[in-house]
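This report covers the two chains in turn, then the contact between them. Please read it alongside the sequence and the structure shown here.

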Amino acid sequence: MSKKDVREEQTEMDMTPMIDCVFQLIIFFFLVIDLQNQELEPVKLPVARFAVPDQPPEGQRPIVNVLQSGETIYKRKTYLEADEQDYSKLQGLLEYFAKNMTKKFDKAVGKELPDDPLLIRADKWTEMHHIAKIMETCGLTNVQIWRVELAVGEPKAGSPGAAKAAGN
Amino acid sequence: MNALELKKKREKRKKKPEEPKMDMTPMIDVTFLLLIFFLCLEFKTLEGKLASNLPKDVGVNKTKAEPIEKLDLRIAMLNPGTRVPDKQDYRRYELEGHKVYYYLGPRKVTSMTELESELRSAAKVEVPDPETGKRKKRPITIKTSGGVCYKDVTEVIDVARDANFTEITFGGGEGTLKNPKAK
């Protein structure tokens, strides 16, 4: 082997670790994206001028999606079909949420109430009575979820909501 | 053994085998990229939200609730609109010509601009809090008629929050578009 050959061999880059990392990265993103999308259904949200950008909460915050038909979905599972009158499945789901939420004693009511919010994501043209039924179920004795957040479109950069969130 | 073979043998003895070294640079590059990506991802916000409350005093309570003056806001249907299929998503539709009006207490309000100014005026009125005794803005209770959509409600909450109303509650709906008298 000549000296020239030896020099050429030394300049070769070992691509194995990079390929390993890239593959791991791809697998990781597939999993993360799948887990993130599991809670969000493709609905067209209304745009709000003064909405606060949504930051991931510290505690629990279940996300319930309501389609235009009134179909209510949580983590890709339907808990209330369109025009269904039996709310037992939805009630069971909300009871489960309430059970796992952090509780805080409320002086006005005189008992402990769930203190985490419930995020409702509905299509902008969903009739309000579908959402009102969810809210009504939230008020049942075994549920008592009183903090509700309504999802709206992402506040555009420079909007009053975005400025508020930035602390301006 | 001829001279050429001997020479080769000597060369082999002289040259020690090089230790294989792993080049870590690409791995470090990728790891840093990964780190930067996750740092950015942490601060990314997907959507906006409007916080509101539901009535707490539902069911049987042992404590006596003190009454508080509230501001009633009802959203009523003027025109339900025509359903136009969404070209991008076959499962949904858009409503064209959908129009609502509002009742702020007994007063009829026909446009969002008017409602905005009415709410700003109403926000100046303060009432004593039965719990603390301090003066605060009245809570708003939103009620909806049949056919009113999610968008109509979020628009109202949006304006109310900007007028500095912090307590926004829902007072339930009245009927559906198909059956306006449904409870």
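## Elements of the two chains

Helices here are DSSP runs of H or I with at least four residues, strands are runs of E with at least two, and both are numbered from the N terminus. By that count chain B has 4 helices and 10 strands. The model is a predicted one.

In sequence order, the elements of chain B follow the pattern α-α-β-β-β-β-β-β-α-β-β-β-α-β. Chain A holds 5 helices and 8 strands, and from its N terminus these are arranged as α-α-β-β-β-β-α-β-β-β-α-β-α.

## Burial and contacts within each chain

Chain A has 168 residues, of which 35% count as buried. In chain B, with 183 residues, buried residues make up 21%.

Contacts across the sequence can be given for each chain. In chain A, 66% of the contacts with a separation of 6 or more are between residues 24 or more positions apart. For chain B, 65% of the contacts between residues at least 6 apart in sequence join residues at least 24 apart.

## Helix packing in chain A

Two packed helices are described by the angle between their axes and the distance between the axes. In chain A, helix α3 (residues 88–100) and helix α4 (residues 128–138) have axes that come within 10 Å and cross at roughly 55 degrees. Because of that angle, α3(A) is oblique to α4(A). The crossing of these two helices, α3(A) and α4(A), is right-handed.

On the α3(A) side, the residues that meet α4(A) are Leu90(A), Gln91(A) and Leu94(A); on the α4(A) side they are Ile134(A), Thr137(A) and Cys138(A). By class, the residues of this contact between α3(A) and α4(A) are 4 nonpolar and 2 polar, with no charged ones.

## Helix packing in chain B

In chain B, the axes of helix α3 (residues 112–122) and helix α4 (residues 150–162) come within 9 Å, crossing at roughly 35 degrees. The crossing of α3(B) with α4(B) is right-handed.

From α3(B), Met112(B), Leu115(B), Glu116(B) and Leu119(B) meet Glu155(B), Val159(B) and Ala160(B) of α4(B). The contact of α3(B) with α4(B) divides into 5 nonpolar and 2 charged residues, with no polar ones.

## Strand pairing in chain B

Strand β2 (residues 71–79) of chain B is joined by 5 bridges to strand β9 (residues 140–145) of chain B, and the two run parallel. Here Leu71(B) stands opposite Ile140(B) in β9(B).

β2(B) is also joined to strand β5 (residues 99–104) of chain B, by 6 bridges, and this pair runs antiparallel. Ala76(B) has Tyr101(B) in β5(B) as its bridge partner.

## Contact between the chains

The contact takes 54 residues from chain A and 51 residues from chain B. On the side of chain A that touches chain B, the elements giving two or more residues are α2 (16–37), β1 (52–53), β7 (118–122), α4, β8 (147–152) and α5 (160–166) of chain A. α4(A) gives the most to this side, with 7 residues. By class, the side of chain A that touches chain B has 32 nonpolar, 9 polar and 13 charged residues.

Strand pairing also links the two chains. β8(A) is joined to strand β1 (residues 48–53) of chain B by 6 bridges, and the strands run antiparallel. Leu150(A) has Leu50(B) in β1(B) as its bridge partner.

Notes
Residues numbered from 1 in each chain as written. Chains lettered and ligands numbered in written order. Predicted model: local features only at pLDDT ≥ 70, side-chain atom pairs only at ≥ 80, totals over all residues. Axes fitted to C-alpha atoms, helices over the stretch in contact; angles between N-to-C directions. Parallel < 35°, antiparallel > 145°, perpendicular 65-115°, else oblique. Left-handed = near helix turned anticlockwise from the far one by under 90°. Contact = placed C-beta atoms within 7 Å. Nonpolar A, V, L, I, M, F, W, Y, C, P; charged D, E, K, R; others polar. Pairing = 2+ DSSP bridges. Buried ≥ 20, exposed ≤ 12 C-beta atoms within 10 Å, placed from the backbone.
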